[in-house]
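Good morning, and thank you for making the time.

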Amino acid sequence: MEQIDAVNLVANHVHRWRLRDRSGTLPAGRIVLTVTEDENQWWRFECRSEGDMHYITGTEWSRFVQPRIDARITLYAQQEGENFHRMEVIMGRN
């Protein structure tokens with residue numbers, strides 16, 4: 001899986017995650033990212049681009065982040081034949 005970006009979540013990420021698309025696979029403009037960690041639970045995050053940066057925001061993003069403060073998340077590019085992104089979540093030790 002090709003990594004888009006990774007971050008250690010802190011309180012200010014509740015509002016947005018500013019990321020650099022290291023894979024070059026996210027389209028420009030405004031999109032909705034369908035994301036899963038295990039294909040059992042799904043999220044739909046608002047994403048917009050400004051130059052070479054992308055921002056993930058919105059109510060669902062905020063609800064996702066709040067219980068995961070101190071976790072390390074990695075967002076991966078879509079795989080061939082899939083219409084969603086995978087995310088790895090490693091919970092912090094606190």
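Let me begin with the largest nonpolar core, which has 22 residues; Ile56, Trp61, Phe64 and Ile73 touch the most other members. By nonpolar core I mean a set of buried Ala, Val, Leu, Ile, Met, Phe, Trp, Tyr and Cys residues joined through side-chain atoms within 4.5 Å. Buried stands for under 20% relative accessible area, exposed for over 50%, and partly exposed for what lies in between, with a 1.4 Å probe and protein chains only. At least two residues of this core come from each of E1, E2, strand E3 (30-36), E4, helix H1 (59-65), E6 and E7. Helices (H or I, at least four residues) and strands (E, at least two) are DSSP runs, numbered from the N terminus. As general background, nonpolar side chains in soluble globular proteins tend to be buried together.

Two remarks on provenance. This is a predicted model, in which local features need pLDDT of at least 70 and side-chain atom pairs count only at pLDDT 80 or more, while totals for chains, interfaces and linings use all residues. Residues are numbered from 1 along each chain as its sequence is written, and side-chain values use heavy atoms, with hydrogens and water left out.

Rings of Phe, Tyr and Trp (its six-membered ring) pair if their centres lie within 6.5 Å; planes under 30 degrees apart count as stacked, over 60 as edge-to-face and the rest as tilted. That rule gives seven aromatic pairs. One of them, tryptophan 43 with phenylalanine 45, is stacked, at 6.4 Å centre to centre and 15° between the planes. Both tryptophan 43 and phenylalanine 45 are buried.

Now the sheet. Seven strands make up an open sheet with mixed pairing, in the order E1-E6-E7-E3-E4-E5-E2. Its edge strands, E1 (3-8) and E2 (16-20), each pair on one side only; pairing requires that DSSP find at least two bridges between two strands. On average, neighbouring strands of this sheet are turned by 30° against each other, direction ignored. For that angle, axes are lines fitted to C-alpha atoms, for helices over the stretch in contact, and angles run from 0 to 180 degrees between N-to-C directions.

Why is strand E5 (residues 53-57) largely enclosed by the rest of the structure? Five of its five residues are buried, so the strand is largely enclosed. Met53, Tyr55 and Thr57 point one way from E5, His54 and Ile56 the other way, and all are buried. E5 pairs with E2 in the antiparallel sense over five bridges, and with strand E4 (residues 42-50) also in the antiparallel sense over five bridges. Histidine 54 is the bridge partner of leucine 19 and of serine 49, while tryptophan 17 stands opposite isoleucine 56. E4 and E5 form a hairpin with two residues between them, and glycine 51 in the turn has a positive phi of about 65°.

Arginine 86 is found in E7, and it counts as buried because its relative accessibility is 18%. Its side chain makes a polar contact of 2.9 Å with the side chain of glutamate 82. A polar contact is a pair of N or O atoms within 3.5 Å; within protein, one must be able to donate a hydrogen and the other to accept it, and residues adjacent in sequence count only if both atoms are side-chain atoms.

I close with the loops. Most residues other than glycine have a negative phi. Glutamate 39, although not a glycine, has a positive phi of about 65°; this residue lies in the loop between E3 and E4. Aspartate 70, again not a glycine, has a positive phi of about 80° and sits in the loop between H1 and E6. At 37% relative accessible area, aspartate 70 is partly exposed.
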